[in-house]
Every structure is written in structure tokens, then in C-alpha cells.
Amino acid sequence: MQEHEVTSLHPATRGRDTMAEQQLHYIYKTYKYRLYPTKAQQEFMAKIFGCSRWVWNYFRNHIKEVYQEEGIVCKYYDLCRILTVLKKMEGYRWLTEAPALVLIAALKDLDEAYKNFCKGIGGEPGPRSKHSHKYSFTVANTHLDRAKPSIEVFERGVKLPKLGIVRTKVSRPCKGTICSATVKQVPSGKYYIFVVSYEAAPKYKKPNRTSIGIDLGVKNFATCSDGVVIQNPLFLDKQLERLSYEQSKLSRKTKGSKRYEKQRIKVAKLYEKIKNQRADFQQKLSTAIVKHHGIVCVEDLDIRAMVKGNQLAGEILDVAWGYFLHMLEYKCNWNRRWYEQVNRYYPSTQTCSHCGYVYEQAKDTHIRQWTCPNCSTQHDRDINAAKNIELEGVRMMREQYLALQSL
């Protein structure tokens, strides 16, 4: 890590109190809880899952048909009117069993997905299958101005519309105003709820260090500009032998039988364990980085392009760079840190961090150590890249700050 003269550019690097520190800073925060519904609540949840899935698939087909025939994209409010008419028809009265806000939320998600598709952000929304073993529904919180809102979090339960109070393991209290809640059933059969709250951000704390650059990799998960190297935990590799054994047992079972379902849950729990280990590791690492640094600089990675035709595609997907970068971004926002992404085409590996000379031969990934022909400085490939990412990120931050000052 290198110190830079940026103490006057960002609140995170200033010694005195600033306006940003004195003003309240509000954020959206999601709380994840484990649900323990009764048998009757599980049956009712299955109905809600089915209604939400049916609304998504029905109106997805409707949007495609209208676009093919008339060349226009249906608007959200038009879909809501059609849904209201359907609920009154004889053959669709069963839709009224689910909370109305659940069906509205499914329409909103579908509308947002098609908007992103039209903008080129994501792919075309696909159908939702009841055989995926992953089910979910979202419901918004209403009656916020009254004494009893539709969603409430208690010490040992969560109140949901039409479901009542569902027994919940509340690991930490939900602060602020509840906006919405998403109930999910994962392939292992467990139920979780994700409660979105609008609340005040944590109090500003001055970081110990000014800035840091992070170079992500496969062998080493992250290499920092201060020389710290974080090894890749290889959670998937450690479970591959057991996964192979359990999946081979699953392949010998008759699909649809009780033994098949029992073995499928075993495999799903194993995958869930790997996912939880990875998330726990990345949560702790991202929190530590944001806590101690005022400016966090990373590289903008095109992960989709890196995976295509790459022998290391499995290892790249296993390290979950995108998930980690997402954590860094929102935690920097929470704690009033500066998050900067360096352009993916910036030659961080080939540039000498000491003199700025571009050594094109360092592009070869087999070269792990190299000496700068201009200043004779010896470089470790990853540490040099991390230092360059930090230098470029701070430069970009300074330009943005000066542009804001000139307005």
C-alpha cells in the first residue's frame, strides 16, 4: 500500500469532522432469517409459490405474444388491469388465495426484467419451473402509517400477510422501516426470509489507512497493494470427493422416488454448505478491508468473457469475484468509503509501478516475477498489479472530486 496526498479529497481521509459525517446517511439493508413454518403454513406457502410462478409465466407469454403481433411492449399498469380481470373470472378465482401484493410483486419483477432486457443489461426473462426446487415470493410492507403494518419482525417470529406469525430464528434485530420481504425455499428444503429495511447507516469511523488496491486471482484469491496475499480457500475442491460420491449415489436412484428425494436433499445440503462457507469468508474479508481503508480500488472484470472457452472456467466461477466486488461496493457505501473500479483494459500487470514503463512481455501469465528494463526494479506480478490498480484508482478519484468541486 502507498500513501497519497488525498487527505483533502474525501471525508474518509480527513482528520476533522465534515458535513458528510454530521449528516444522517440512510441505506437499504437486508436481514436474512431462517423460517420454521408449521405444516399448514408450508402448504399455504406452496400455494403462494405456485401463484407467483403462474403469474410470471402467464404474463411473460402474454408480453411475447403482444410484441410479436403488434410490435409493442406491454406496460406494467396494463398488466395489472389484466390481472384484476383474471382474478374475477371463474376459472382463476384460486389466484385470490395468495396475497394480492405477492402477485403485484411478480408483475413488477417481470416488468423490471424486460426493461433491463431492452436496455441490453440482461438476457430475455425465462420461464419459471416448478421442478427447480427453488421457490420464492416477494411481498411489500403496507400500512406503515398505522399501528400494525403487514410485515413485522418479533423476537421469535415474523408476521406475514395471510400467513400470520411464522416461527423464526431472529439472529439480530431488524432496525429501521421494513420495506419488503422475500420468502425463499432452497433446494435443501429449508425456508428463509430476506427482510429489506430502510435505516440509518453505521456511524462514520475514520479508517486506519488511506487507500488500498486489490488484484483478484484464482490461485491467490486477492493480492493487496500493501503486500498482503489472501490464499484461495478452495471450498469446492475440498468437497469434490464427497460430492462425487453423493452424486453417483443419486444417479442410481429412480427419479421421483422417496429414496431419490432423500439423496437429492443430501446433495443440495452439501452444495449449500459450500455456498455458506464461501459467503462467510467473503463477508469477513470485505468487512475488514472496508473497515481499515478509506479508498478501495479494484479492477472492473469482464467475468463472462473470461469464462468463455477458458480451461479455468470452473475455478473462476468458484472464487465468485462478482459476489465479492458487490460486497465491497455496498459496504463502502454504508461506511462512507470511496469505491473505485479501474478500467478493465488498463495494463495493470504490464506497467511498472515505480516508473510507469509498460513491459508488454509481462502479459504472459507464466511470468510471475519480472524486472523493469527502464528502472531495474524487481516486481512480483500480482503485487505490482495491485499497486498499479491503487495508483490508477486514486487518480480517477482525484479527477472526479475536482470535477465536482468545479460545478
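This is a predicted model: local features need pLDDT of at least 70, side-chain atom pairs count only at pLDDT 80 or more; totals for chains, interfaces and linings use all residues.
Reader: What percentage of the residues is buried?
Author: Of the 407 residues in the protein, 42% are buried. Buried means under 20% relative accessible area, exposed means over 50%, and partly exposed lies in between (1.4 Å probe, protein chains only).

Reader: Is V158 buried or exposed, and why?
Author: V158 counts as buried because its relative accessibility is 0%.

Reader: Where is V158 found, and which residues is V158 in contact with?
Author: V158 is found in strand β4, residues 157-160. Leaving aside neighbours within four places in sequence, V158 is in contact (heavy atoms within 4.5 Å) with E152, V153, G164, I165, V166, T168 and I193. The C-alpha atoms of V158 and T168 are separated by 6.3 Å, and these two residues are 10 residues apart along the chain.

Reader: On another topic, how many helices and strands are there?
Author: The protein has 10 helices and 14 strands. Both are DSSP runs numbered from the N terminus: helices are H or I with at least four residues, and strands are E with at least two.

Reader: In what order do the five strands of the open sheet come?
Author: The order is β10-β9-β8-β11-β12, with mixed pairing. Two strands pair if DSSP finds at least two bridges between them. The edge strands, each pairing on one side only, are β10 (229-231) and β12 (338-342). On average, neighbouring strands of this sheet are turned by 20° against each other, direction ignored.

Reader: How many bridges join β9 to β10?
Author: Three bridges join β9 (residues 220-224) to β10, and the two strands run antiparallel. T223 has V229 in β10 as its bridge partner.

Reader: Which strands does helix α10 lie across?
Author: Helix α10 (residues 381-405) lies across β8 (209-216), β9, β11 (293-299) and β12, and runs at about 115° to β12. Axes are lines fitted to C-alpha atoms, for helices over the stretch in contact, and angles run from 0 to 180 degrees between N-to-C directions.

Definitions and conventions. Residues are numbered from 1 along each chain as its sequence is written. Side-chain values use heavy atoms; hydrogens and water are left out.
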